[in-house]
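Biologist: Can you walk me through this model? I have some quick questions.
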Amino acid sequence: MKTVFDPEEAAALAEARADGPRRVAIRRAATLILVDRSTGEPQVLMGRRGAGHVFMPNKWVFPGGRAERGDAFAPSATDISPQVAAALSQETPRTSPRMARALGMAAIRELKEEAGLHLEAKTREGPPLPDLAALELVGRAITPPYRPKRFDALFFCADAARLLHPERRGGDGELDEIAWFTLPEALELDLPNVTQFVLKELEHRLVEPGRPPVYLRYLRRRHTVTDLPA
């Protein structure tokens with residue numbers, strides 16, 4: 001188990017202590033890191049949040065958001081991998097198979113809504129549907145209790161070659177700008193701490209494909225990183 005901390009987190013913790021104790025609901029969310037290897041050096045898709053957002057304005061992030069009720073029951077072309085489901089079912093707090101599927105669906109839905117990209121597979125009958133089998137788990141992160149908004153978020157990645165269409169088709173305007181960056185370029189952007197951490201973890205995973213997903217949380221008053229079961 002590794003311990004991580006930084007000055008920005010120290011400042012947030014000091015502010016929270018000055019304000020006194022508070023209880024903030026934790027929301028389940030999912031993010032999708034799309035990786036394009038077609039140009040040689042891997043690139044990742046990122047979007048910049050608008051200046052008018054209350055939460056993380058002007059920050060560069062991966063497409064993602066909260067799981068919705070319908071995500072657990074919406075149809076898909078494939079199932080989430082047993083490896084992803086098993087890793088999440090063994091860690092506290094446990095993620096049930098239904099919730100793991102819902103979070104995978106949420107990540108694919110948010111990619112479609114925010115970036116206009118469809119991680120879908122063709123079906124024998126009917127329209128293409130979300131391709132849950134394309135998702136790999138990079139990590140899980142729970143926002144510390146002293147933050148004003150808290151998320152229990154999964155960070156998935158998928159190969160851009162699995163997209164139904166390579167070009168973007170629409171987008172809801174949630175992200176002001178959307179672009180592809182190499183990993184060194186992405187790490188130079190204005191990023192939330194957790195996004196920077198996940199990008200560095202992705203960098204390791206591209207070199208070590210069998211590397212287990214990581215779990216970032218605030219445990220016993222420390223920021224800790226452990227491996228999820230492979």
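Biologist: How much space lies in the largest cavity?

Modeller: About 40 Å³. Keep in mind that this is a predicted model.

Biologist: How many cavities of 30 Å³ or more does the structure hold?

Modeller: One.

Biologist: Which residues line the largest cavity?

Modeller: The lining consists of Val138, Gly139, Arg140, Ala141, Phe155, Phe197, Val198, Glu201, Val214 and Leu216. By type, seven are nonpolar, one is polar and two are charged.

Biologist: Which element gives the most to that lining?

Modeller: Strand β8, with four residues. At least two residues each come from β8, α5 (193-207) and β11 (214-219).

Biologist: Let's step back. How many helices and strands are in the chain?

Modeller: Five helices and twelve strands. The chain has 230 residues, and 47% of them count as buried.

Biologist: And the contacts? What share is between residues 24 or more positions apart?

Modeller: That share is 71%, taken over contacts with a separation of 6 or more.

Biologist: On to helix α2. Which of its residues are buried?

Modeller: Val84, Ala87 and Leu88, in a helix that runs over residues 82-89. Looking down the axis of α2, these buried residues fall within an arc of 95 degrees, so they line one face of the helix.

Biologist: What covers the buried residues of α2?

Modeller: The cover includes helix α3 (97-115) and the strands β8 (136-142) and β9 (150-159).

Biologist: Take alanine 100. Where is it found?

Modeller: In helix α3. Alanine 100 counts as buried because its relative accessibility is 0%, under the 20% cut-off.

Biologist: What does alanine 100 touch, leaving out residues up to four places away in sequence?

Modeller: Ile80, Leu88 and Thr95. Leu88 is also one of the buried residues of α2.

Biologist: How far apart are alanine 100 and alanine 30 in space?

Modeller: 9.7 Å, C-alpha to C-alpha. In sequence, 70 residues separate alanine 100 from alanine 30.

Biologist: Salt bridges next. What's the count?

Modeller: It comes to 14.

Biologist: Which residue does aspartate 131 meet in a salt bridge?

Modeller: Arginine 162, at 2.9 Å from N to O. The pair links distant parts of the chain, 31 residues apart. Aspartate 131 is in the loop between β7 (129-130) and β8, and arginine 162 is in the loop between β9 and β10 (175-182).

Biologist: Is aspartate 131 buried or exposed?

Modeller: Buried, at 4% relative accessibility.

Biologist: What about glutamate 120? Which residue is its salt-bridge partner?

Modeller: Lysine 112. The closest N and O atoms of that pair are 3.4 Å apart. Glutamate 120 counts as buried at 11% relative accessibility, whereas lysine 112 is partly exposed at 37%.

Biologist: And glutamate 208, which residue does its side chain meet?

Modeller: Arginine 211, in a salt bridge of 3.5 Å from N to O. Glutamate 208 is partly exposed, at 39% relative accessible area. Arginine 211 counts as partly exposed too, because its value is 21% and the buried class stops under 20%.

Biologist: Last one, asparagine 58. Where is that residue found?

Modeller: In the loop between β3 (43-49) and β4 (60-61). Asparagine 58 counts as partly exposed, at 38% relative accessibility.

Biologist: How far are the C-alpha atoms of asparagine 58 and glycine 47 from each other?

Modeller: They are separated by 9.5 Å. Along the chain, asparagine 58 and glycine 47 are eleven residues apart.

Notes:
Residues numbered from 1 in each chain as written. Predicted model: local features only at pLDDT ≥ 70, side-chain atom pairs only at ≥ 80, totals over all residues. Heavy atoms only, no water. Buried < 20%, exposed > 50% of the residue type's maximum accessible area, 1.4 Å probe, protein only. Arc of directions from axis to C-beta. Contact = heavy atoms within 4.5 Å. Salt bridge = Lys/Arg side-chain N within 4 Å of Asp/Glu carboxyl O. 1 Å grid on protein atoms, 1.4 Å probe; cavity = no way out; pocket = protein on both sides within 12 Å on 5 of 7 lines; lining within 4 Å. Points joined across faces, edges and corners; volume = space filled by probe spheres on them. Nonpolar A, V, L, I, M, F, W, Y, C, P; charged D, E, K, R; others polar.
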